Amino acid sequence: MKICLMNANNAALFVKICNEMNEDVDVKYGRYTIDAKSVMGVLSMPLDKEFTVVMHTDSKEVENHFKELIDLWLVEGDEE
(Lines give C-alpha, C1' and ligand atoms only; values in the text may rest on other atoms or scores of the structure.)
Protein backbone atom coordinates (compact mmCIF):
# COMPACT_ATOMS: atom_id res chain seq x y z
CA MET A 1 0.00 0.00 0.00
CA LYS A 2 1.22 3.50 -0.78
CA ILE A 3 0.96 6.46 1.59
CA CYS A 4 1.96 10.10 1.77
CA LEU A 5 2.37 11.61 5.25
CA MET A 6 3.08 15.27 4.33
CA ASN A 7 4.36 16.43 7.77
CA ALA A 8 6.09 15.40 11.00
CA ASN A 9 2.86 15.26 13.03
CA ASN A 10 1.37 12.74 10.61
CA ALA A 11 4.63 10.78 10.64
CA ALA A 12 4.58 10.58 14.45
CA LEU A 13 0.96 9.39 14.44
CA PHE A 14 1.74 6.82 11.74
CA VAL A 15 4.66 5.46 13.80
CA LYS A 16 2.43 5.30 16.89
CA ILE A 17 -0.12 3.22 14.96
CA CYS A 18 2.64 0.92 13.63
CA ASN A 19 3.97 0.42 17.17
CA GLU A 20 0.52 -0.75 18.30
CA MET A 21 0.68 -3.60 15.78
CA ASN A 22 2.25 -6.95 16.75
CA GLU A 23 3.48 -7.47 13.19
CA ASP A 24 6.60 -5.95 11.66
CA VAL A 25 5.92 -2.97 9.39
CA ASP A 26 8.41 -1.42 6.96
CA VAL A 27 8.35 1.64 4.72
CA LYS A 28 10.16 1.61 1.39
CA TYR A 29 11.31 4.57 -0.66
CA GLY A 30 13.50 3.90 -3.64
CA ARG A 31 16.19 1.48 -2.55
CA TYR A 32 15.72 2.22 1.16
CA THR A 33 13.73 0.08 3.59
CA ILE A 34 13.09 1.51 7.06
CA ASP A 35 11.39 0.09 10.14
CA ALA A 36 8.01 1.90 10.33
CA LYS A 37 8.14 1.66 14.13
CA SER A 38 11.15 4.00 14.21
CA VAL A 39 10.30 7.69 14.51
CA MET A 40 13.79 8.75 13.44
CA GLY A 41 13.68 6.36 10.49
CA VAL A 42 10.32 7.58 9.21
CA LEU A 43 11.28 11.22 9.73
CA SER A 44 14.37 10.63 7.60
CA MET A 45 12.08 9.89 4.63
CA PRO A 46 10.80 12.63 2.29
CA LEU A 47 7.37 13.02 3.89
CA ASP A 48 5.89 14.91 0.94
CA LYS A 49 6.54 11.95 -1.40
CA GLU A 50 4.67 8.66 -1.76
CA PHE A 51 6.26 5.59 -0.26
CA THR A 52 5.27 1.98 0.14
CA VAL A 53 4.19 0.38 3.41
CA VAL A 54 4.79 -3.35 3.83
CA MET A 55 3.12 -5.21 6.70
CA HIS A 56 4.66 -8.62 7.32
CA THR A 57 1.59 -10.76 7.91
CA ASP A 58 -0.38 -13.48 6.17
CA SER A 59 -3.62 -12.37 7.82
CA LYS A 60 -5.92 -10.35 5.54
CA GLU A 61 -7.95 -9.40 8.63
CA VAL A 62 -4.92 -7.80 10.31
CA GLU A 63 -3.88 -6.11 7.06
CA ASN A 64 -7.39 -4.69 6.50
CA HIS A 65 -7.53 -3.42 10.09
CA PHE A 66 -4.17 -1.70 9.59
CA LYS A 67 -5.40 -0.14 6.33
CA GLU A 68 -8.41 1.27 8.19
CA LEU A 69 -6.10 2.82 10.78
CA ILE A 70 -3.89 4.51 8.18
CA ASP A 71 -6.68 5.37 5.74
CA LEU A 72 -6.00 9.10 6.17
CA TRP A 73 -2.65 8.74 4.38
CA LEU A 74 -3.45 6.10 1.76
CA VAL A 75 -2.84 7.32 -1.77
CA GLU A 76 -5.99 7.31 -3.92
CA GLY A 77 -6.08 4.65 -6.60
CA ASP A 78 -3.67 2.31 -4.81
CA GLU A 79 -4.85 -1.19 -5.68
CA GLU A 80 -2.49 -3.16 -3.42
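**Entry 1: Cys18.** I began with Cys18, which counts as buried at 0% relative accessibility (buried is under 20% relative accessible area, exposed over 50%, partly exposed in between, with a 1.4 Å probe and protein chains only).

**Entry 2: the ground rules.** I noted that this is a predicted model, where local features need pLDDT of at least 70, side-chain atom pairs count only at pLDDT 80 or more, and totals for chains, interfaces and linings use all residues. Residues are numbered from 1 along each chain as its sequence is written, and side-chain values use heavy atoms, with hydrogens and water left out.

**Entry 3: the cysteines.** How many disulfides does the structure hold? I found 0 disulfides, taking a disulfide as a pair of cysteine sulfur atoms within 2.5 Å. For Cys18, the closest cysteine sulfur is in Cys4, 15 Å away, so it is too far for a bond. Cys4 counts as buried too, at 18% relative accessibility.

**Entry 4: the aromatic rings.** Next I looked for rings of Phe, Tyr and Trp (its six-membered ring) with centres within 6.5 Å, calling planes under 30 degrees apart stacked, over 60 edge-to-face and the rest tilted. My count came to 1 aromatic pair. Phe14 and Trp73 form it, edge-to-face, at 6.2 Å centre to centre with 90 degrees between the planes. Phe14 sits in helix H1 (residues 8-20) and Trp73 in the segment after helix H3 (60-69), so their pairing ties together parts 59 residues apart in sequence. I took helices as DSSP runs (H or I, at least four residues), numbered from the N terminus.

**Entry 5: buried or exposed?** Phe14 counts as buried at 0% relative accessibility, and Trp73 counts as buried at 4%.

How values were computed
Helices (H or I, at least four residues) and strands (E, at least two) are DSSP runs, numbered from the N terminus.
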